[in-house]
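Here are my notes on this model, point by point. Have the structure open while you read.

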Amino acid sequence: MHSFKPPKPEMFEGKRTTEEVDSFVFHVKSYVSMMEIPAENQIQFLGTFMKGKALTWWLNAIKPFDNGKSLGFEHAISMIINQYRPKMAKELAEKKLRGLQMNKSYQKYEEAFFELVQNIEDMGLVEQMRYFKNGLEQSYQFEINRTKFTTDDNAKKFSEMRAICSALATASNQSSVRTIKSSGEPMDIDTLEIGYKTPTKIATLISRMPKPELTREEREDCLKNHLCLGCKTKKHKGGWRKCFAYINSLGPEFKPIVDHLKDFPKRH
Ligand SMILES: [Zn+2]
């Protein structure tokens, strides 16, 4: 029997102060050793003292270690320190930020970016924007470079920048998802590129285009004979989303798409 029971560690919510992290680590370590928690339960035990953001981070962090089964206690402690203790966290975050690249999902990139940046308190907005832009996919960078920002206020500029990226991401998601669903054909490169080779305004407009209303027979007929679902005459690259006849039939709101496509004839 233990004659002395250490106090239970307080829940850790992920506050990024040296005191908070050191205190949590100290108490957790003491508790584990004094209560003689068996090695195979230590990681799970540690997890029960995390909550909120810290818990979310923790559950992700232990995934690569077979959800903690192949993670040692000391290693786990150093992961917490690296993540939350300001000086360590800052150095590590800076290193990661330098190597951070957008990889397919813009949303994931944005999340990862701000997760890292909050560990680097002294990083100014100008520097943040530079890192942010450098990690983006080329096409996103291209779009940002050609944008004339309406403000000199850096915070506003940054949010405009992010709005552009979100619009690009949304446009390319919607168009590719709908293309698969509506036509059942494999996506072609051209469709995938809609989101970013095209100016944001046009890309957004394209993503708002209603899909052709066809009866099931008409649809099957078009697919069988390789016809465009929009004009039902011939199949063209880019399908109905780039079909002039179809776009024109949708009304003047969508005319800018045709104007844009006419400037890039080889893409239709
Ligand atoms: Zn057509």
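**Notes on the helix packing, the core and a few residues**

1. Start with helix H1 (residues 18–34) and helix H4 (residues 73–84): their axes come within 10 Å and cross at roughly 170 degrees. Axes here are lines fitted to C-alpha atoms, for helices over the stretch in contact, with angles running from 0 to 180 degrees between N-to-C directions. Helices (H or I, at least four residues) and strands (E, at least two) are DSSP runs, numbered from the N terminus. H1 and H4 are therefore roughly antiparallel to each other. For that wording, angles under 35 degrees count as roughly parallel, over 145 as roughly antiparallel, 65 to 115 as roughly perpendicular and the rest as oblique.

2. On the H1 side, the contact is made by Val-21, Val-25, Lys-29 and Val-32, and on the H4 side by Phe-73, Ile-77, Ile-80, Ile-81 and Tyr-84. Two residues are in contact if their C-beta atoms, placed from the backbone, lie within 7 Å. The crossing of H1 and H4 is right-handed; a crossing gets that label if the near helix is turned clockwise from the far one by less than a right angle, and left-handed if anticlockwise.

3. A word on what you're looking at: this is a predicted model, where local features need pLDDT of at least 70 and side-chain atom pairs count only at pLDDT 80 or more, while totals for chains, interfaces and linings use all residues. Residues are numbered from 1 along each chain as its sequence is written.

4. H4 also packs against helix H5 (residues 86–99). The axes of H4 and H5 come within 5 Å and cross at roughly 80 degrees, so H4 and H5 are roughly perpendicular to each other. Ile-81, Asn-82, Gln-83 and Tyr-84 in H4 meet Met-88, Ala-89 and Leu-92 in H5.

5. How many helices and strands does the chain have? The secondary structure comes to 14 helices and zero strands. Of the contacts in the chain with a separation of 6 or more, 56% are between residues 24 or more positions apart.

6. Buried residues make up 23% of the 268 residues in the chain. A residue is buried if 20 or more other C-beta atoms lie within 10 Å of its own, exposed if 12 or fewer, and partly exposed in between, with C-beta atoms placed from the backbone.

7. The largest nonpolar core has 40 residues, and those with the most contacts inside it are Cys-165 and Leu-168. This core draws at least three residues from each of domain 1 (18–84) and domain 2 (177–188 + 210–268). A nonpolar core means a set of buried Ala, Val, Leu, Ile, Met, Phe, Trp, Tyr and Cys residues joined through C-beta atoms within 7 Å. The domain bounds come from an automatic or database domain assignment.

8. Have a look at the loop between helix H3 (52–61) and H4, where Asp-66 sits. Asp-66 has a positive phi of about 55 degrees although it is not a glycine. Asn-67 is in the loop between H3 and H4 too, and Asn-67 also has a positive phi of about 55 degrees without being a glycine. Asn-67, with 13 C-beta neighbours inside 10 Å, counts as partly exposed.

9. Gly-47 lies in helix H2 (residues 39–47) and is partly exposed, with 16 other C-beta atoms within 10 Å. Leaving out residues up to four places away in sequence, Gly-47 touches Trp-58 and Gly-68. The C-alpha atoms of Gly-47 and Ile-62 are separated by 9.8 Å, at 15 residues apart along the chain. Ile-62 comes up again with Met-79, 17 residues away in sequence and 9.6 Å away in space, C-alpha to C-alpha. Met-79 lies in helix H4.

10. Lys-232 is found in the loop between helix H12 (216–224) and helix H13 (244–249). With 17 C-beta neighbours inside 10 Å, Lys-232 counts as partly exposed. Not counting residues up to four places away in sequence, Lys-232 touches Cys-222 and Leu-227.
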